[in-house]
Structure formats: structure tokens, C-alpha cells
Amino acid sequence: MIAMDIDGRRVVTEEGRTLLDAAREAGIDIPTLCHHEALEPFGGCRLCVVEAAPADSRGPAELVISCLAPARDGLVVRTASERVKEARRTVLDLLLARCPTSDVIRRLAAEHGVPRTSFPESTDGSKCILCMLCERVCAKIGAHAIGGAGKSRGKRIAAPFDLAAEDCIGCLACARICPTGHIGYEETDDERKIWGRTFRMVKCEVTGRPLMTEEQRSFEAKRAGLPEDWFTKCPESKRRETAETIAKAFEEVR
Amino acid sequence: MAKAAVNGKRLIVTPDRCTSCRTCELACSFRHGAPNRPAVPRLRTFDFGGPPKNVILTCFQCDDAACVRVCPVTALVRSGETGAIVVLERRCIGCGSCAVACPFGQIEMDPVKLLARKCDLCGGDPACAAFCPTKALEYR
Amino acid sequence: MKLDGREAFSRAGEAARGRDAGRTVVRVCRGGGCRGGAAVAAAIESTAREAGTVLAVRSAGCHGCCDLGPVVTVPAAGLFLAGVKPADAPEIVTKVIGAGEVPDRLAVKDAATKKRFAREAEIPFLAGQTRIGLRNAGRIDPADLDDAIAAGTYGAAAKALTTMTPEQVIAVIEASGLRGRGGAGFSTGLKWRACREATGDDRFAVANGTVLLEIDPHAVLEGLLIAAYAVGAHEGFVFARADSARAVALVKGAIETATARGLLGERILGTDFSFTVRLALGGSEFVCGESTAVLRAIEGLVPEPRVKYPRSAERGLFGRPTVLDNSETLALVPVVVARGPEEFRKVGTAESPGTKVLNLGGRVRQGGLFEVPFGTTLRTLVFGLGGGVAGKRRFKAAMVGGPSGGILGEADLDTPLDYGPLAARGAIVGSGNVMVMDDHSCPVDVARYFTHSLAAESCGKCVPCREGLHHLAEILTRITLGEGTPADLPRLRALARVVADASLCGLGKTAPNVVLSTLDRFEAEYRAHVEDRKCPGGVCRALTKFEIDTDLCEGCQACQKVCPTGAISGAKKQPHRIDPEICTACGMCRTKCKFDAITVV
Ligand SMILES: Cc1cc2nc3c(=O)[nH]c(=O)nc-3n(C[C@H](O)[C@H](O)[C@H](O)COP(=O)(O)O)c2cc1C
Ligand code: SF4
Ligand code: SF4
Ligand code: FES
């Protein structure tokens, strides 16, 4: 068991938890942008910075990122000191200059006292903050279809060689996880278009509703060790079918 | 079906007693929604001509669950306390694989949150059982 | 043949030392920096053959003073000849080797006193150094294992493997106070201990950094072997930049020959200890040298740094405990083991024992690699060993610590070169580069240049570095173009502070040093840029106007000849004049004027 002082409150947590975990468990909010619990912590956005110092230390506290810094017994953590707020404001100010058209960033920045950016705004219309959640979720799923290309400010998310993403299964995990809605896609009942590819949709045998792309079906079936024809109906049809089967079984018993 | 849970309780369904009054669905909606904004219920009743023909359908909390198998990010985990398979919302990436994989249609995607939603046995105090006037649903 | 024990090893050493008995050894440097060594060696060899002089002409690694190359040494006589050409061969064979006389032009001219010296022990900038890590620089052929063995290399490893336990080795390194030479100065002993004590079935030892690899690859390998033995690693990597072809070839050869001789690989020197070393190549980007980026590159991933939770010592390469040391650190390890920690602590400071290799450059008379004890002052380095500022110019500043170092001014000349004192003044030991600037330089422009380059080197992973350095560079660029405002100065400072505080890796944390240290020391020059629209250093063209001081001008026309725009007029022996309408303030004239007549107005 680990006991820490977070913002003057005693917070108890377990070995292996991060400062962010511990703070959130205690109901203390720390903003994050590149963090997602399904993925390994990344440490890129630096929004989750906090000040931390061992209780017995006399030196200056360290500015650490809470999404990765492990909880340690006796740590004194400040999640909203002036130094922390200044770092957060600067990060948001910089992101706002990068993505002035992103509502998400605008709102977050405003919440932290940055109504407008103090830097020249980028005009390329990109909403990508390079949190790499998309790349990481794609890798986590096992598709590895997209990733970062280039470095420094020119870094961007792309399919290999900027061609149609060969390994993409059209699952939309990247578009859904993207905090700013940067990743666009088009969808009809029959087709889905993303990363330069067009996917055909598997449809519910009963209602005709689109379920998933054909590639996603093959991919998921293989990974889960299920036959492909396992994925054929929408939840509503399956519920009705199950209920009917049960009703019939009872009927027969009676 | 489901493995023995720490609390040793199970949700017991006796369809013969179901009048299809849908109190359970309402209770579920209110328990999982916000004040003034009830959620879509996680369990459903089916009226096949009144008792004793009605059916109540909720998650079976299967042992080797297809949803758990298919989830790429292990956002579906079994609660040690209740034995229920629960969605870790902070971990779910909304890919929808589980919804298509569950053979009984017990997982749907929340269209607003874009996350999976399913029966979680209300963390050990299922509202459906608490409110069922005929004891067609019991938790013991 | 494999050396199967300490005895075989010492016999090999004697054999290597004795192989040139009865011949005079001449060494010609074949360092990466100087060209023409091969031709000089060939000329000396053929001249000697014709003259019937028995010589052993051997190669030498870089001496660390490439502007003097190619260098020829006659070790037995302690002679050191600089700037040798093939045509000098006859004189070298007859006069130098035959009679011990060195023609003046081949002797080294001391930058400060203009005196010439041919004896290595007397050449001030060499004699003034304490070469421990560079003990073999220029004295051995880095491609020749026998040379290394003759110089005692692998002796400390033999001692460690056959007479010490891994714990004893770690204790010795800890007691020596050895700190990593790669930049951060972390205690090497503590790092090794953490790795040894980490849980894991197998471990890795990794050498990082290219410079020492070109000079003395076997010393680095020996250090790596000792590190591996201490932490219990059986596999290791030497990480080198793929574009430094020389280092790559030398390390590759060194690993092969040392493995063939049983100094690496299975059952080293007949002991139970095995350690296989492989070469790993990386990109030339600055950030590729950062420790976690190095490990990712070896794993075949994009070389991006990661946050150091957990530390590499606990979970590093392929998830296993890994110790990663800089090659200079590793080259010092055998010295500590062979001579003992007390001996090692005799030089340097209490906090930072030993020496540091510094690379002195910029506007200084004698540049190159200088190995000096920690605590040596900047003044001693620049004015003592480096012979002072080149030409007739005055010292203005020195950038200490490499591209992400800080700028120190005249008032800081007595700063001891050591982690603590440098950090207290906004500079770092960093890569050990010290770049001297004279009074014709502009600190604002220097800050702009380095910030701009580092912004481009940012890997792009974290926001403060990727976005913050870009905007710092933008603001600085505007200031140097004459578009700055006084409000830019506090903004620069505030942004630089956050970038340093909140960035992920050392690159982002140290990149703002140049901005903050120049703001601290040269605020007046920043103000001149934004308030008076003037660049006192005469560098920022948009803010510079040159004039010829007619009192100083001798009318030599040197400036006229170099002015690319033809802006300068004036007859011989008559004061010249610059036409401000034509002048683009390129500053060419100023570099040529011997009378300092060209002034900034
Ligand atoms: C941007 C950056 C570049 C670096 N480049 C090098 C390098 O080229 N060589 C090196 O040995 N260390 C480099 N380092 C330092 C390494 O991260 C690491 O600290 C060092 O190699 C560890 O060895 P040491 O403890 O012996 O110093 C760099 C660090 C940073 C932040
Ligand atoms: S596209 Fe979205 S998820 Fe991907 S790096 Fe950019 S902001 Fe993050
Ligand atoms: S500080 Fe710069 S180089 Fe280091 S991780 Fe961040 S963006 Fe990459
Ligand atoms: S959430 Fe911690 S760095 Fe982005």
C-alpha cells in the first residue's frame, strides 16, 4: 500500500499505479490528451504534468508527467501549482496555435485560461495534435496500418509511403480515438472509406444494417478464434432470435 | 453458466413469473442513466402472449465469452466480486467487435459515447431484480 | 589463436611489444579528419627502403588536433611533426630519424607564444592535457589489436574477470566516483548496481557515442566487457552512427579480432564468462544519441525517446535490464580497474573525479580534443590550451556543452568546467563541445541558429519541444530580422522556461539553454535589436550598418577586393568609404581588414 499527499489530501493506492491513476481514484481531475487506458502511456502531450517531491526532500519538486510517474509512498504531489498551471497553459497555447480550428483544443485551452493563442496560428487546417493515439490503437489492435512519418513539426500521421493503407481493416478505431476528430472517413450502408481504401460492409442478415467491414470480420474472427460466419447479425436481431429460441424451448418442455 | 462469484450470488430468471410489465427495463434505464436522462436498458423482456410465455433476456455472463475473446484491448473483464463481464469505459475504444461477436445480442454500442454497453449486474445490486414486482428476476 | 588465460594474455602483450625490436617505429596518423596520411606513409616507406633505413611505418589514430595533420610521430624519440607532406619524406628519414633534427616548419607552433616545439612532451597544448581516456590517441593504430594489447588494453578486463567478483568491480567503480561522460553525469557505479540488482534472466550492456570509437575502439570494448561482467550481461551492442563510416569499420574489425583472440565471445580468457558483442547502427540525428532512443533503435523501432519509467537499468533493451554507457565513460573504466579508485580520484574534483574530453572549436587559435581534469577553468581551456581567440579579436562568449549548451561570457571565464558549476550558470557539460565566439558575433543570432537547428532535430514526440522550439526560433528569427518588439523578450524567457521544464527528453530540456543564457548575459544586445534596431555584433544584416573609420583605415584596398557588391570605394593609401545604399552588410570586408577600421554604427 502506498500513501501520498495529493493537493493536501491523503491518497492511498497500490503499487504499480501511476500518479494519474491515484489522483483519479481520489476524484482529483488532471487533464490529459495523449492518454488512454487501453494503451501504454506515451508521455507526449505533457498536459498531465504535476509537481512531485518526496516528503523528506528539501530540493525543488520535480515536474513529472502523472500518466507515467509511478505512485511512491510519501510523495507530495501538487496538481495545480502555479508551475504546473503555467506548463499546462503553455502546452495548450502551443496546441491552439497548431490547431486553431479544433473545438476540442479551443475548449480545453479556454478552460485553462487560454482564450486565444499567443503564437502565430498555423493555417494548414490540421487538427492533429500528434498524440499518436491513432497509431497506438491501430498497433494495439494488431493492424499496424498507420503511423507517424517525419519528425519535429513536420511529423504527421500517414499510411506507409502515403499510399492506400494496405494493412488497414477499416475498423475506425483511429478515427474514434482521435481526440480532435482529425481523421476523416466516409460511410454509407454499403461502403466505408478511410486511409485511401474503400471497404465493403458486412450487413445483418435480418435487418440489413451495416455491422463491420469484411476485412475487420476476417481479422477479428482470426484473432478471436471464431468462424467468420459468427459475425452475421446485429444485436437486435440476435436478441429476438435468442428470445424466440428460449420461448420455443419452454413451449416444448411444457 | 457464470463462474462462482465472490459474493456467491446469481441473477436468477424465472420467466414463468414475467408479466412483461417492463419494470426491470425501466429500473435498468434509470440505474445506468443520469438524472432526467434514462439510458437504454441492458436487459429486455419479450411478450410472447403473456405469462407464462414471456421471456426475459439479459447477459448470460458466459464462461468463455466471445465478447471477451474478441476485444482487442481487454476492455471487457470479469468482475471478481459479481462475476459479471463489465466494460471498462476508459479502456474501450469503441470498435464494436464485441457487439457483433456476442451471439445473444447482449452488447450494443452507445451511439453518443461510442462505447460498448452491457449488463454489469449493477456492481452487485441489480436494479432489475430489486424492482421486479413478481420476482421473475431475483438476485441471491 | 584464442588467449585462454591471463598468462597467455601477458605473453601476447610481450610479443606485441617486442614485434618492432630493432626497428624504428614511425607513426602516421590516419584519423578521419586529416587527409593525406596514406600518401605520407607510403612516401616515408619508399624513401626508407631506398636509403636502407629499417623502419616500421605504422598507422595512428586521431591525435585530436586535425588542423595539424597529417601528424608523424617517432615515439622512441618523443618527436611530433605536424602538417607533413609526402615531399617531406627524405628529410624525415635522414634528418629526423637519422639525426634527431626537426626542421622548423614541421615543428608545432605554439598558438600563444609562436614558439616551435617538436618534442611531444613540450608542445604546450598536448603537455597541458591529462590524457586518460585519450591515453592511446595517436599512439596506436585503432585497427590493430596487437597495438592495443601492447599498450595494455584488455589487461584490466583480464584482472577483473580472473581476480575480482562482479560486486568488487562495481564497488571499485562506485568508489572511484566515475560519472557518465555522455552528458548527464550520472554515477556509473550506481547505474551498474541498479542493473545488476534488477530482476531478469539476462541483461544487456550497450556502448553509446562515436568519438572514442575512432580513436581507441578496443579501450571502449574493454570497458564494455568489464561493464557486462559487473552487471551480468552476456550480450552487448556498440551503437554507432551509420554515417561515420570510419568508426563503423573500426568497431566492426575490433569486435571481430577481439572475438577471434578470445577477448570477447564465449569463455573469455578461458574463464566461465561469455559476452557477445554486436554492432548496431543508428541515424545521424541528434536525438538518436539519447539513451532510450538508442535502445529503441537497436530494437528496430523509430528512435524516439521514451519517459524513463522504468529506468533502462531495470527494463531496457527488449524489456531486459540494460546498462548503457557512453564510450568515453567505458574507456575510463579499465583505468579505474587497473589503477584503483584512489588513483583515479587524484585528478578532477571531489564531485567529479577524473578528466573530461572537450572538443574546443570556433574562434580559437588551437582547436581539437582536449582532455582536462574536471574543474579546469574555461579560461585555462580557451586561453591556456587553446592559445586564445584567433586573429586580433577579443573573446566575447563560449557556448559550452554542444548544440544544446549554454552561452558563457567573459565574466564566466573562471567557471570550473564541471557539472555543478556549469549548471549554475545555465550551461552543461553535455557533449563536451566548447565553441568560442569573438566580438564579431551576435548572441541573438547564435541563439536563433541553434534553436532553429534543434527545432528541426526534435523528434516530434512531445509538445513543448516540438511546438515550443519552433516558436522560440520564430521569435528569434523575427528579432534578428529587425521585426522584434520589447515584449518578445519576456515571452522568449517564459516559453524557454516551460520548454526546459516540461519536455520529455534531454533534447527539449536543454535546447532552451542557449536562449536563457544569452538573455541572462546579453540582454543589452537583445534590447539593441528590439529597441534601437541595431545589432551590436554586426551580424544580423537587417540591423547592421558598416562604416570605415577613416582614422584607422590605411587605404590598403583589402576590403574593396572582397566586397561582393562593390560597395567600397577609395584610392590606394586613401581612406575608403562604404556606400550604404549598396552595402548588404555581409561582413566580408570586416573579416579582411587588418586595422579594425570597419565599424558597426
Ligand atoms: C538529445 C541527446 C543526445 C545525446 N547524444 C548522445 C551521444 O551522441 N552520445 C552519448 O554517449 N550520449 C548521448 N546522450 C546521452 C545519453 O542519453 C546517455 O545519457 C549516455 O549515453 C549515458 O552514458 P553515460 O552515463 O556514460 O554518460 C544524448 C542525450 C540527449 C538527450
Ligand atoms: S490523428 Fe488524432 S489520434 Fe492521431 S495523432 Fe493526430 S490527434 Fe492524435
Ligand atoms: S524533448 Fe524533443 S526530442 Fe525529446 S521526446 Fe520531446 S520532442 Fe522528442
Ligand atoms: S497524458 Fe500524460 S503526457 Fe499526455
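In sorting residues by class, Ala, Val, Leu, Ile, Met, Phe, Trp, Tyr, Cys and Pro count as nonpolar, Asp, Glu, Lys and Arg as charged, and the others, Gly among them, as polar. With that in hand, the shell around ligand 3 in this predicted model holds eight nonpolar, four polar and one charged residues. The shell has 13 residues, of which Ser458(C), Cys459(C), Cys462(C), Cys465(C) and Cys505(C) come nearest to the ligand.

Ligand 2 can be described in the like manner. Around it lie 13 residues, and Cys128(A), Cys131(A), Met132(A), Cys134(A) and Cys178(A) are the ones that come nearest. By class, the shell around ligand 2 comprises 11 nonpolar residues, two polar and no charged ones.

Attention now turns to charged pairs. Side chains of opposite charge can pair when their charged atoms come close. Over all chains, a search of the whole structure finds 70 salt bridges.

In chain C, Asp439(C) and Arg393(C) meet through their side chains in a salt bridge, at 2.7 Å from N to O. Asp439(C) sits in the loop between strand E15 (433-438) and helix H17 (443-457), and Arg393(C) in the loop between helix H15 (378-385) and strand E13 (395-400), so the pair ties together parts of chain C that are 46 residues apart in sequence. Asp439(C) counts as partly exposed because its relative accessibility is 25%, whereas Arg393(C), with a relative accessible area of 18%, is buried.

A salt bridge also joins Lys308(C) to Glu290(C), with the closest N and O atoms 3.6 Å apart. This pair links distant parts of the chain, 18 residues apart: Lys308(C) belongs to the loop between helix H12 (291-298) and strand E10 (322-326) of chain C, and Glu290(C) to the loop between strand E9 (276-282) and H12. Lys308(C) is partly exposed at 43% relative accessibility.

For Arg241(C) and Asp243(C), the closest N and O atoms of the salt bridge are 3.0 Å apart. Arg241(C) is partly exposed, with 36% relative accessibility, and Asp243(C) is likewise partly exposed, with a relative accessible area of 46%.

Finally, a network of salt bridges links Arg239(A) with Arg44(B), Glu108(B), Asp110(B) and Arg117(B).

Terms used:
Residues numbered from 1 in each chain as written. Chains lettered and ligands numbered in written order. Predicted model: local features only at pLDDT ≥ 70, side-chain atom pairs only at ≥ 80, totals over all residues. Heavy atoms only, no water. Near = heavy atom within 4 Å. Salt bridge = Lys/Arg side-chain N within 4 Å of Asp/Glu carboxyl O. Buried < 20%, exposed > 50% of the residue type's maximum accessible area, 1.4 Å probe, protein only. Helix = DSSP H or I, 4+ residues; strand = E, 2+ residues; numbered from the N terminus.
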